[in-house]
Amino acid sequence: METMTFRELVLFCAEFPELLIEFDRLNGTNLSTFDKRKPIESMIDQATGRDEESMKKFVDFVYEFIWMRVPRE
């Protein structure tokens with residue numbers, strides 16, 4: 001069985017819309033609508049650092065609640 005890197009795990013988790021929707025709901029982020037926003041909304045989020053902050057929260061979530069809880073071989 002091939003081992004998944006942490007980066008691969010984060011990208012894998014980001015492919016699940018249901019996970020992103022619930023993450024957004026619980027954390028006040030907007031990752032599930034990232035590619036559906038109007039250009040002005042996207043520019044504002046980027047300028048204020050909201051996109052970066054949201055992604056950091058998601059990466060921290062994946063690390064704490066998935067990566068650290070998966071048994072190692």
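Buried means under 20% relative accessible area, exposed means over 50%, and partly exposed means in between, with a 1.4 Å probe and protein chains only. The views below show a predicted model, in which local features need pLDDT of at least 70 and side-chain atom pairs count only at pLDDT 80 or more, while totals for chains, interfaces and linings use all residues. Residues are numbered from 1 along each chain as its sequence is written, and side-chain values use heavy atoms, with hydrogens and water left out.

View 1. Helices (DSSP runs of H or I, at least four residues) and strands (runs of E, at least two) are numbered from the N terminus, and along the sequence the pattern reads α-α-α-α. The C-alpha trace spans about 45 × 20 × 20 Å along its principal axes, and of the 73 residues in the protein chain, 21% are buried.

**View 2. Helix 2 (residues 17-27) has the buried residues Leu20, Phe23 and Asp24.** Seen down the axis of helix 2, these buried residues fall within an arc of 100°, so they line one face of the helix; the arc is that of the directions from the helix axis to the C-beta atoms. The buried residues of helix 2 pack against helix 4 (50-65), where contact means heavy atoms within 4.5 Å. On the face turned away from the buried side, helix 2 carries the exposed residues Glu18, Arg25 and Leu26. After helix 2 comes Gly28, whose phi is positive, near 70°.

**View 3. Asn30 is found in the loop between helix 2 and helix 3 (39-48).** Asn30 counts as buried because its relative accessibility is 9%. Leaving aside residues up to four places away in sequence, Asn30 touches Asp24, Arg37, Asp45, Arg50, Asp51 and Ser54. Asp24, one of these contacts of Asn30, is also one of the buried residues of helix 2.

**View 4. Arg25 forms a salt bridge with Glu22.** Side chains of opposite charge can pair when their charged atoms come close. A salt bridge is here a side-chain nitrogen of Lys or Arg within 4 Å of a carboxyl oxygen of Asp or Glu, and by this rule the count comes to three. In the pair of Arg25 and Glu22, the closest N and O atoms are 2.7 Å apart. Because Arg25 and Glu22 are three residues apart in helix 2, about one helical turn separates them. Arg25 counts as exposed, at 58% relative accessibility, whereas Glu22, at 36%, counts as partly exposed.

View 5. The closest N and O atoms of Lys56 and Asp60 are 2.9 Å apart. Lys56 is exposed, since its relative accessible area is 52%, while Asp60 counts as partly exposed at 38% relative accessibility.

**View 6. Lys57 and Glu53 also both lie in helix 4, four residues apart, about one turn of the helix.** Lys57 forms a salt bridge with Glu53, and the closest N and O atoms of this pair are 3.8 Å apart. Lys57 counts as partly exposed at 33% relative accessibility, and Glu53 is partly exposed too, with a relative accessible area of 47%.
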